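Me: I'm new to this one. Can you walk me through it, a bit at a time?
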Amino acid sequence: MESQGINVLHLPVETLVDAFKVEDIDFWFEETTPAEHMAAQVECWSTIGPEGQENVMKALRESAATQFDAFATRLRDHLSRRVQSVMILPLHGVARTAASVAEALTFLSGMQTTKPSPEDLELLRIEIQVRYSNTDRIEASFSSLADAIVWLEQNYLDQ
């Protein structure tokens, strides 16, 4: 999920198990753990009440303080990010596929860089790149102008 830009707080199971031990709750489960045992632990959670539950959360925050702090910092950075720039790259023309690098070079060498032909003016795609103040970047690609406009309006107009 992190590779997709989603911030995740990962805590080892052992950290969770230790936090629940402060209230004598056995948080360690395996596939072979009987359902009755799991149900009993859930019942223990309910019976320790808000004070006991706060003890577990406090133990968890203390034992994983570094991870919580790092997560909170990443979350704060993400929530405070601002759009720095929006690059729009309209792609016009006819896509051409070359079978080799030599063929691609031949095509590129013969391209006109002056007046485009009418077929070269046809809109193929619109590439959009939104850059943020925290160095995040979101890229999107659309085959229609209307879709690009809707996406920007829905995702960024309030920003």
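Reply: Here is a short tour by question and answer.

Me: What kind of model is it, and how are residues numbered?
Reply: This is a predicted model, where local features need pLDDT of at least 70, side-chain atom pairs count only at pLDDT 80 or more, and totals for chains, interfaces and linings use all residues. Residues are numbered from 1 along each chain as its sequence is written, and side-chain values use heavy atoms, with hydrogens and water left out.

Me: Start with helix 3. How many residues does it have?
Reply: Helix 3 has 15 residues, 49-63. Helices (H or I, at least four residues) and strands (E, at least two) are DSSP runs, numbered from the N terminus. From first C-alpha to last, helix 3 reaches 21 Å, close to the 21 Å expected at 1.5 Å a residue. The expected span is 1.5 Å times one less than the number of residues.

Me: Which residues of helix 3 are buried?
Reply: Gly49, Gly52, Gln53, Val56, Ala59 and Leu60. Buried means under 20% relative accessible area, exposed over 50%, partly exposed in between (1.4 Å probe, protein chains only).

Me: What do the buried residues of helix 3 pack against?
Reply: They pack against helix 1 (13-21), helix 2 (35-47) and helix 4 (65-79). Contact means heavy atoms within 4.5 Å.

Me: Where do helix 2 and helix 3 meet?
Reply: Trp45, Ser46 and Thr47 in helix 2 meet Gly49, Gln53 and Val56 in helix 3. Gly49 follows helix 2 and has a positive phi, near 70°.

Me: At what angle do the two axes cross?
Reply: Roughly 110°, and they come within 7 Å. Axes are lines fitted to C-alpha atoms, for helices over the stretch in contact, and angles run from 0 to 180 degrees between N-to-C directions. That makes helix 2 roughly perpendicular to helix 3. Angles under 35 degrees count as roughly parallel, over 145 as roughly antiparallel, 65 to 115 as roughly perpendicular and the rest as oblique.

Me: New topic. Where is Glu23, and what does it touch?
Reply: Glu23 is in the loop between helix 1 and helix 2. Leaving out residues up to four places away in sequence, Glu23 touches Ile48, Gly52, Asn55 and Val56. Glu23 counts as partly exposed because its relative accessible area is 23%.

Me: And where is Asn7?
Reply: In the segment before helix 1. Asn7 and Leu75 are 68 residues apart in sequence and 7.0 Å apart in space, C-alpha to C-alpha. Among the residues Asn7 touches are Phe71 and His78.

Me: Now the sheet. What is the strand order?
Reply: Three strands form an open sheet in the order 1-2-3, with antiparallel pairing. Two strands pair if DSSP finds at least two bridges between them. Strand 1 (83-92) and strand 3 (137-142) are the edge strands, as each pairs on one side only.

Me: How many bridges join strand 2 and strand 3?
Reply: Six, in the antiparallel sense; strand 2 covers residues 123-132. Val130 has Ile138 in strand 3 as its bridge partner, and Glu127 stands opposite Ser141.

Me: Which helix packs on the sheet?
Reply: Helix 6 (residues 145-156), touching strand 1, strand 2 and strand 3. The direction of helix 6 makes about 20° with that of strand 2.
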